[in-house]
Amino acid sequence: MNTSEKYIDVWAQFLTIIENIVDAQKFNTWFKPIRPISLDGSTLTVEVPSDFFREYIEGEYLDLIKSALKRVIGADAQLLYQNRPVQAKGAMVYKGDAEKTPVNKPVNVPVYKAGTQPGPFVYPGLQKLNINPRLKPIYSFDNLIEGECNKMGVTAGRSICTAPGKTPFNPLFIFGGPGLGKTHLAQAIGISINKKYPDLVVLYVTGNEFKTQYMDAVNVRNKLTDFMMFYQRIDVLIVDDIQDLLGQGSQTAFFNIFNHLHQNGKQLIFTSDRAPVDLQNFEERLLSRFKWGLSVELTRPDYNTRLSMLQSRCLREGVVVPEEVLTYLAGRIRTNFRELEGALISLIAHATLAHMPITLELAENITGKLIGEEQVDITMDKVQKTICDYFNITRDTLLSKSRKRQIVQARQIAMYLSRNLITNCSLSTIGAEMGGKDHATVLHACTTVTDLIKTDKTFRQYVNDIQAMLVPAGR
C-alpha cells in the first residue's frame, strides 16, 4: 500500500476493533461519520462534524479509543481532531417546496365503544387511522441555516435521525427566544426521520393543541381512553411551545404518555421559549423528565449566519439582491431569523409592486419602518466605551500596544463585536478605529474570539455580558 494512504488502512483496522466492542447503533452514530485525514508517524488526524461531536465521543469513549489506537499504531499513538469545514458544504439547495408532504403509514389505534366497560386486560376494538404528521416540507434540514447559534442543536438532531429513541438525546429539549428556529429544527428532525424510517409514526403538535385535545377528551365518555391510546401509538412525538401545556389534568395525561413512550424507546422532542428550569406552573416530576436527555439553547445568529440566511432566501425566491443591501440588513437586524426574513420579504414586495430596483436607500426606509427608529445603530465609540467600562480600563489602554492578556482580549472582543454588531463596518474601518490595525489583524482577532467562545466558558461570559449591554434583550 502507498505510504500516503496508510492512514486509510490504519483507520479501517481501528474501526474493526471498535465495531466488535461498541453497540452497532452507537458505532454507526459516533464512529462511522469520522473521516481519517492523515498519518504522521504515530499521530493520526481525523475529521469530525463538530466540536460537540468530538466532546461527546471523548467523554464516552476516550479510554476505548486510546486502547484501540495503541493496538493499531503503537504505544506512542496520538489522535488529533479537526472540524469539518463549513465551506466544504455544497451550495444551499431549497428542496422543501418541491418535496411531497410527509405522511405516516396507516396504524391501528385501540378505540373503546361508548357504553362498554372493558376490563384492564381486555383489548378494545381497533380503528385504522391515517395520522397526519403535520410536518411542513419547507422546514427540512436542506433549508436550515447552520451557524454557531444552533450548531449543537443541529448536530444532536442529525444524530437522532440516525437512531430515533436510541441516542442519549431523548428527550431533546430545544429552547430559546422567538424567531430563532426552534420549530424549524424540530420539524426538520421529524421530516428526516419520516424519510429514513417510513414505518415510524411521527406527530407534530403544539402544547396548546395537546391541552385543548385533552380538555375535549375529558368531556366525552371513553374519549380520554381513546386520547391516551392514540398518543401511545406515536413513535416520534414533537411538542412545540411546551410552555403552553398548563393545567394539572393535561400535565398528568402528558406525564403518563411521556413515560409510556420513553420506556418503549420512542423519541420525544420539545421546544420552549425558556429553559426547563425556568418553566412556571409545571409539575416537578414533569420538569425532571425534561432534563433526562439533552437541553440545547438556540441563541441569536451572528452576522455571518444572518448574511447566509439572507443569501439563501434570495436563492429560494429567485431574486437578485445587491450584496450591499444584504450586508446592511444582516447588520441592522440582529434579533432573530424571523424579523430578518420578514424585512427581506417586505423589501422584495415593495420593490416588485412599485417596479423599483432594490437599493440600499429602499432597504433603509423599509427597515426603519419595520423595526422602529429606537434601535439606534451601534457605533465604534459605544463598543469601545462599553468594553472599557466592563473591564475597568481606559480607552487609551484599550487602543494601546499593550500585550497584557486582559487588554489583548478586550481589544479582540471590541473588534469582534464591531464586526458583528455595526452596520456596514469593514475590517479596514474597524482596524483604523482600533489604533491603526490592519484588516488582517482584525480578521485574526475575530477568529480568535470565535474559537475562545467555544472553548473558554469565562471568556464566553465576557462576550455575552458585553453584547447584552450593547443590545438589550428587548431590542
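Reader: Which residues of E9 point one way, which the other way, and are they buried or exposed?
Author: In this predicted model, Gln267, Ile269 and Thr271 point one way from E9, while Leu268, Phe270 and Ser272 point the other way, and all are buried. In a regular strand the side chains alternate between the two faces of the sheet.

Reader: What makes E9 mostly covered?
Author: Buried means under 20% relative accessible area, and six of the six residues of E9 are buried.

Reader: Which other strand pairs with E6, and which one is joined to E9?
Author: E10 (residues 294–297) pairs with E6 in the parallel sense over four bridges; there the bridge partner of Phe173 is Ser295. Strand E8 (residues 236–240) is joined to E9 by four bridges, also running parallel, with Gln267 of E9 as the bridge partner of Val236.

Reader: Where do the side chains of E6 point?
Author: Leu172 and Ile174 point one way, Phe173 and Phe175 the other way, and all are buried.

Reader: Why is Thr167 called buried?
Author: The cut-off is under 20%; Thr167 has 10% relative accessibility, so Thr167 counts as buried. Its place is in the loop between H4 (151–162) and E6. Leaving out residues up to four places away in sequence, Thr167 touches Ser159 and Ile160.

Reader: Why does Met380 count as buried?
Author: Met380 has 9% relative accessibility, which is below the 20% limit, and therefore counts as buried. Met380 is found in helix H14 (residues 380–391). Its C-alpha is 9.6 Å from that of Leu421, a residue 41 places apart from Met380 in sequence.

Reader: How do you know that the span of H12 agrees with its number of residues?
Author: Helix H12 (residues 337–353) has 17 residues, and at 1.5 Å a residue they should span 24 Å; the end C-alpha atoms are 24 Å apart, so the two values agree. Buried residues of H12 include Phe337, Leu340, Leu344 and Leu347.

Reader: What is found at the start of H12, and what follows H12?
Author: At the start, a side-chain oxygen of Asn336 comes to within 3.0 Å of the backbone nitrogen of Arg338. After H12 comes His355, with a positive phi near 55 degrees.

Reader: Which members of the largest nonpolar core touch the most other members?
Author: Phe14, Phe31, Leu172 and Ile189 do, in a core of 50 residues. Helix H3 (residues 51–72) gives the most to this core, with eight residues. Another core, of 31 residues, lies apart from it, and among its members are Ile257, Leu261, Ala275 and Phe290.

Reader: What does Phe14 contact beyond its neighbours within four places in sequence?
Author: Phe14 is in contact with Phe31, Ile65, Ala68, Leu69 and Val72.

Reader: Where is the pLDDT below 50?
Author: The protein averages a pLDDT of 82, and 86% of the residues score at least 70. Over residues 86–98 the pLDDT is below 50, although this stretch has 21 contacts in the model beyond near neighbours in sequence. Residues 372–376 also stay under 50, with eight contacts beyond four places in sequence. Where pLDDT is low, the predicted coordinates should not be read in detail.

Conventions: Residues are numbered from 1 along each chain as its sequence is written. This is a predicted model: local features need pLDDT of at least 70, side-chain atom pairs count only at pLDDT 80 or more; totals for chains, interfaces and linings use all residues. Side-chain values use heavy atoms; hydrogens and water are left out. pLDDT is the predictor's confidence in each residue, from 0 to 100. Contact means heavy atoms within 4.5 Å. Helices (H or I, at least four residues) and strands (E, at least two) are DSSP runs, numbered from the N terminus. The expected span of a helix is 1.5 Å times one less than its number of residues. Buried means under 20% relative accessible area, exposed over 50%, partly exposed in between (1.4 Å probe, protein chains only). A polar contact is a pair of N or O atoms within 3.5 Å; within protein, one must be able to donate a hydrogen and the other to accept it, and residues adjacent in sequence count only if both atoms are side-chain atoms. Two strands pair if DSSP finds at least two bridges between them. A nonpolar core is a set of buried Ala, Val, Leu, Ile, Met, Phe, Trp, Tyr and Cys residues joined through side-chain atoms within 4.5 Å.
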